[in-house]
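Work through the exercises below with the coordinates open. Try each task before you read its solution.

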Amino acid sequence: MVDPPYPDDPGRRRFLKNTVTAFLGGGFGISVVYAHRFPTGLLPVVLQHPEPFVDMLGKDTGMRLLNDRPWNLETPAHLLDDPVTPAERLFVRNNGTMPVQPDPNAWTVRFDGESCPRPTDLSLNELKSNFETVSYQLVLECAGNGRSEFNPPASGNQWTTGAVGCPLWTGVRLRDVLEAVGVRDDAVYVAYYGADIHLSGDRNTEAISRGVPMAKALEDESLLAWEMNGKALPLAHGFPLRLVFGGWPGSVSGKWINRIVIRDRVHDGQKMGGKSYRVPRQPIAPGSDVPDEAMEIIHAMPVKSLITRPKSGVVLPLGKSLSLGGHAWGGEGKVQAMDISIDFGATWKSCRLRDPANRFAWQQWEAEANFPRKGYYEVWARATDDAGRMQPMIVPGWNPRGYLNNACHRIAVRLV
Ligand SMILES: Nc1nc2c(c(=O)[nH]1)N[C@H]1C(S)=C(S)[C@@H](COP(=O)(O)O)O[C@H]1N2
Ligand SMILES: [Mo]
């Protein structure tokens, strides 16, 4: 798969030529019927927008490809309708190159760090057999979900609304394992290293190495997981072992885990400092420069919701009511109310809202809307958490990397 051409770069040009040749020869598993007529030097359209034809990590063909080096795929809202997100519809956010065919039977995790009294290696098989196995549905959301709406634009993957999902995860409690390994009283942070490789190929630099404060590491629901929805983790989601911390930025939920460090300070690994996964402590004017010292690490994610049915753009005859539904999640809190508006926020109607399957799982909501006249409408959806915090209607708090956009999700509706 390729990006648009870079005509000035000979290496890139050669790569494209080879890719096009392979494609025309059927090498991508699709026969190109008139291949012999294809003009030399032209880039097949499908290679610029490969979604419908090319196998993207076994994902639903409706996923939106943001980048293939590293892989980044998001899920359109209408494909996120399931209460438990299926593997084929879970977004992928990679910072580096995925490891190749890890052998689960040879997999070990090293536990060490300043606040670990007895550095220990545990095999995946030992983790599976020595600790209680538990399952929780946990929301995984990239802190950059919604980034595409910031103005001025923030660099990074231009996620719209689809870097979120809530699968069922199975594994052991990180807490149980930490207790067995030993934790000194001065422990402050627990952080991970994974087997993926920095895009530069440099083996001395991690693609990403992040962590959480002790309190989050020790929660009942903080998992070292090897299954998603009752099956082994797919490679793209961290096979054979990953962390899952529901309600926090997805970046703390390390994939392909092979080392866990118990730190006596805030972890200082790759993407813990500078502007990475950090936001200004005080609000700033959009586009302004913020010194790193004025930034703080993102902890829990804010309250948010999605309209997953119908798909935006629905056309309805006047007189018919519209059934709507979706999910709402509160970072670490519970969602206590869900409302929709059909008049651009002037009035709101409360929705039916289910309880979560467990803490840090998303909640399902449903509502009906009735429209007074023919024409264009938007349905806006707004969640309120148990601390009374509501989603804003417009993009909140500009920050240099475009994190934490929890503005209301909107869909277009036409009555005819
Ligand atoms: N080892 C490793 N772990 C990682 C990442 C990564 O690039 N490498 N990406 C993180 C980020 S930024 C997010 S949002 C989540 C995404 O998880 P998913 O790809 O399973 O949806 O994984 C996190 N864990
Ligand atoms: Mo992320």
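**Exercise 1.** Leaving aside neighbours within four places in sequence, which residues is Ala-195 in contact with?

*Solution.* First, the ground rules. The model is predicted, so local features need pLDDT of at least 70 and side-chain atom pairs count only at pLDDT 80 or more, while totals for chains, interfaces and linings use all residues. Residues are numbered from 1 along each chain as its sequence is written, ligands are numbered from 1 in the order in which they are written, and side-chain values use heavy atoms, with hydrogens and water left out.

Step 1: locate the residue. Ala-195 sits in the loop between β10 and β11 (211–213); strands here are DSSP runs (E, at least two residues) and helices are runs of H or I (at least four), numbered from the N terminus.
Step 2: list contacts, meaning heavy atoms within 4.5 Å. They are Pro-99, Trp-107, Lys-255, Trp-256 and Asn-258.

**Exercise 2.** Is Ala-195 buried, exposed or partly exposed?

*Solution.* Step 1: set the classes. Buried means under 20% relative accessible area, exposed over 50%, partly exposed in between (1.4 Å probe, protein chains only).
Step 1: apply them. Ala-195 has a relative accessible area of 22%, so it is partly exposed.
Step 2: contrast His-327, in strand β20 (residues 322–329). Its value is 0%, so His-327 is buried. Beyond four places in sequence, His-327 touches residues including Leu-80, Lys-304 and Trp-365.

**Exercise 3.** Which residues have the most contacts inside the largest nonpolar core?

*Solution.* Step 1: define the set. A nonpolar core joins buried Ala, Val, Leu, Ile, Met, Phe, Trp, Tyr and Cys residues through side-chain atoms within 4.5 Å.
Step 1: The largest core has 45 residues, and Phe-111, Leu-174, Val-177, Leu-224, Leu-241 and Ile-260 lead in contacts.
Step 2: trace the sources. Elements supplying at least two residues each include β4 (108–112), α4 (174–181) and β15 (257–263). Helix α4 gives the largest share, 4 residues.

**Exercise 4.** Which N or O atoms of Asn-95, His-237 and Ser-253 lie by ligand 1, backbone or side chain?

*Solution.* Step 1: find the surroundings. Ligand 1 has 19 residues around it (a heavy atom within 4 Å).
Step 1: go atom by atom. A backbone N or O of Asn-95 is 2.7 Å from a ligand oxygen. A side-chain N or O of His-237 is 2.6 Å from a ligand oxygen. A backbone N or O of Ser-253 is 3.0 Å from a ligand nitrogen.
Step 2: check cover. Ligand 1 alone exposes 540 Å², and the protein buries 100% of that (Shrake-Rupley, 1.4 Å probe).

Technical notes. A polar contact is a pair of N or O atoms within 3.5 Å; within protein, one must be able to donate a hydrogen and the other to accept it, and residues adjacent in sequence count only if both atoms are side-chain atoms.
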